[in-house]
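Biologist: I am new to this protein and would be grateful for a guided reading. May I put some questions to you once the structure is in view?

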Amino acid sequence: ALDWTVDEGGSAPRNVVALIAPGALAAPALRTDLLGDGHPSTGERVLLRKDGARLPVELSARMLSNGTIQVVVRDITERKRLENEIMRSRDFYLTLLEDFPAFIWRAGVDGGRDYFNLTWLNFRGRTPEQELGAGWTEGIHIEDLDQYMQAYHAA
């Protein structure tokens, strides 16, 4: 048996069947074999509401001691909206940096560079793939490389 409830943020949880289109909860089937240890299993899905709107949700399912599977459905519409807004913002700034008339690069925590703007790539006459990681060091004179890398890693 399944007990479906929805948490709409702030209001008391209620049965999700009242909101969701018939059949929207049926597929894909829950992996009940993952619930045997009593710990909840969580994941995200998009459900179709009765009014036709798409509803992004986080599902949390757990097996109760009586063998019933309890599923809590949390509306994550606002979280998804904010994630999309952050991605659009990031993409906007990366677009600005692409044509900026200065050399711009980014390095990961390992020190390997993982981004170069078009100004850098055009100046070097190389592709991003050639520059990524430590490829960019091929542009430093061999006699200067050790000293440069020491200063780079110290910084």
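The questions and answers that follow concern a predicted model.

Biologist: What pattern of strands and helices does the chain follow along its sequence?

Modeller: The chain has four helices and seven strands. Read along the sequence, they follow the pattern β-β-β-β-β-α-β-β-α-α-α.

Biologist: What share of the residues of the chain counts as buried?

Modeller: A residue counts as buried when its relative accessible area is under 20%. Of the 155 residues of the chain, the share that counts as buried is 26%.

Biologist: Which residue takes a positive phi in the hairpin of E4 and E5?

Modeller: Strand E4 covers residues 54-63 and strand E5 residues 69-75, and the two pair in the antiparallel sense over seven bridges. Within this pairing, Ser 60 has Val 72 in E5 as its bridge partner. Five residues stand between the strands of the hairpin, and the residue with a positive phi, near 90°, is Gly 67.

Biologist: In the hairpin of E6 and E7, which residue takes a positive phi?

Modeller: Strands E6 (residues 105-107) and E7 (residues 113-116) are paired in the antiparallel sense over three bridges. Opposite Ala 107 stands Arg 113 in E7. This hairpin has five residues between the strands, and a positive phi near 90° is taken by Gly 111.

Biologist: Does helix H4 lie largely in the open or largely buried, and what number of its residues is buried?

Modeller: Helix H4 spans residues 142-154 and reaches 19 Å from its first C-alpha to its last, close to the 18 Å expected at 1.5 Å a residue. The helix lies largely in the open, because of its 13 residues the number buried is one.

Biologist: What kind of aromatic pair do Phe 116 and Trp 120 form?

Modeller: The structure holds eight aromatic pairs. For Phe 116 and Trp 120, the ring centres are 5.2 Å apart and the planes stand at 35°. Planes under 30 degrees apart would count as stacked and those over 60 as edge-to-face, so the pair of Phe 116 and Trp 120 is tilted.

Biologist: Are Phe 116 and Trp 120 buried or exposed?

Modeller: The limit for a buried residue is a relative accessible area under 20%. Phe 116 has 5% relative accessibility, and Trp 120 has 12%. Phe 116 and Trp 120 therefore both count as buried.

Biologist: What kind of pair do the rings of Trp 136 and Tyr 152 form?

Modeller: Trp 136 is buried, and so is Tyr 152. Their ring centres lie 5.8 Å apart and their planes stand at 65°, so the pair is edge-to-face.

Biologist: How many residues apart in sequence are the parts that this pair of Trp 136 and Tyr 152 ties together?

Modeller: Trp 136 lies in the loop between helix H3 (128-131) and H4, while Tyr 152 lies in helix H4. The pair therefore ties together parts whose separation in sequence is 16 residues.

Biologist: Why are Glu 78 and Arg 81 separated by about one helical turn?

Modeller: The side chains of Glu 78 and Arg 81 meet in a salt bridge, at 2.6 Å from N to O. Glu 78 is partly exposed, with a relative accessible area of 44%, and Arg 81 is partly exposed at 39%. An α-helix has 3.6 residues a turn, so residues three or four places apart point the same way. Because Glu 78 and Arg 81 are three residues apart in helix H1, their separation is about one helical turn.

Biologist: Is Glu 131 buried or exposed, and what is its relative accessibility?

Modeller: The side chain of Glu 131 meets that of Arg 124 in a salt bridge of 2.9 Å, N to O. Glu 131 also forms a salt bridge with Arg 126, with the closest N and O atoms 2.3 Å apart. Arg 124 is partly exposed at 23% relative accessibility, whereas Arg 126 is buried. Glu 131 counts as buried, its relative accessibility being 0%.

Note on methods:
Residues numbered from 1 in each chain as written. Predicted model: local features only at pLDDT ≥ 70, side-chain atom pairs only at ≥ 80, totals over all residues. Heavy atoms only, no water. Expected span 1.5 Å × (residues − 1). Buried < 20%, exposed > 50% of the residue type's maximum accessible area, 1.4 Å probe, protein only. Pairing = 2+ DSSP bridges. Phe/Tyr/Trp six-rings, centres within 6.5 Å; stacked < 30°, edge-to-face > 60°. Salt bridge = Lys/Arg side-chain N within 4 Å of Asp/Glu carboxyl O.
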